[in-house]
Amino acid sequence: MIAVAILQAVLLIAIAPLMAGIVSKLKAGMQNRPGSSVLQPYRDLVRLCRKDRAVSGSCSWIFRAVPVVCMASMLILAAMTPFVYTGVLAPYGGLVTVVYMFTMYRFAMVLGGLEGGSTFGGMGSSREMMMSVLIEPALLLGIATLAVLSGAGTDMGDISETIASMGMAAVGPALILAACSFMITLLAENARIPFDNPTTHLELTMVHEAMLLEYSGRDLAMMEYSSMLRMTVFMAMLGSLFLPWGISTTGDPASLALGLVLALAKMLVIAFAVAMVESVLCKSRLFKVPNLLTVSFALSLIAMISLYIL
């Protein structure tokens, strides 16, 4: 089953730009715009890889290492995430490790923004750290709720398999509230509206883009690709942990085919939800962002409490 786990990780890594293109296309359609092709992110990455990188003379080796760290952390997460099959390539990483891999990605991004020496980079880094104070507890508590609900430990593959075997008996206030909290965390972690606008370059509002201003060429391509992969991993986690029904637990061809179809369908539904949120809502003021993140933490806390009350 190692070959299946490898193919699963490769598939998740390969469709990351496609998912970003699908979200952009759906968002454009909801706003009555033609939008670009769903394959445009692939073209953008190829174009960036063909360009030379420009590095400021004041930057240290940390600036050059940040894209590699970001890319490596997301590739490891892709290997740890069940997508079509509950068996994963990196089976020794629990949910706590997942949270810390996301944290390592954020820490590297913040260092990259500071190392560039740009005022806007420092501004974006400070805003990112402010948001992370509330994002990480909500993320950890939300997925800890699943570990308690399933009773299968902290391994994502085991949690997905256990909840899938429970059937509709797993559906309850705890799972629903934790899923809502995770959806809010998905938007916040991936710099989506209402927390941030991933397409803006307005200095007073950007957070994620501010930390990328000093990168160019292949370095920027790696940063952009790791960002796309992060969103895809979040979507896969939402589909396989909170909606795991249909995922393959045995690895036989029939169950794998069914799991692939259902996994892609779940990803499309989640992409539609993200596009809908970005079309309906507008970007919130920076000082209102903690209120939205507090809602996410409250939902995950109530989900955990409901397991013991109900």
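Visitor: What should I know before I start?
Guide: The model is predicted, so local features need pLDDT of at least 70 and side-chain atom pairs count only at pLDDT 80 or more, while totals for chains, interfaces and linings use all residues. Residues are numbered from 1 along each chain as its sequence is written, and side-chain values use heavy atoms, with hydrogens and water left out.

Visitor: How many helices and strands does the chain have?
Guide: Helices (H or I, at least four residues) and strands (E, at least two) are DSSP runs, numbered from the N terminus. Here there are eleven helices and zero strands.

Visitor: How does the radius of gyration compare with that of a compact globule?
Guide: The radius is taken over C-alpha atoms, and the globule rule is 2.2 Å times the number of residues to the power 0.38. For 310 residues the rule gives a value near 19 Å, and the chain agrees because its own radius is 19 Å. Along the principal axes, the C-alpha trace spans about 55 × 45 × 40 Å.

Visitor: What share of the residues is buried?
Guide: Buried means under 20% relative accessible area, exposed over 50%, and partly exposed in between, with a 1.4 Å probe and protein chains only. Of the 310 residues, 50% count as buried.

Visitor: How do I read a pair of aromatic rings?
Guide: Such a pair is described by the distance of the centres and the angle of the planes. Rings of Phe, Tyr and Trp (its six-membered ring) pair if their centres lie within 6.5 Å; planes under 30 degrees apart count as stacked, over 60 as edge-to-face and the rest as tilted. By this rule the chain has four aromatic pairs. In one of them, Phe63 and Tyr215 are stacked, at 4.2 Å centre to centre with 5° between the planes. Phe63 belongs to helix H4 (residues 61–80) and Tyr215 to the loop between helix H8 (173–189) and helix H9 (217–242), so the pair ties together parts that are 152 residues apart in sequence. Both Phe63 and Tyr215 are buried.

Visitor: Which residues form an aromatic cluster?
Guide: Phe102, Phe182, Phe234 and Phe242 form one cluster.

Visitor: Is Arg230 buried or exposed?
Guide: Arg230, found in helix H9, counts as buried because its relative accessibility is 3%. Contact means heavy atoms within 4.5 Å. Leaving out residues up to four places away in sequence, Arg230 touches Met74, Phe102, Tyr105, Glu189, Asn190 and His208.
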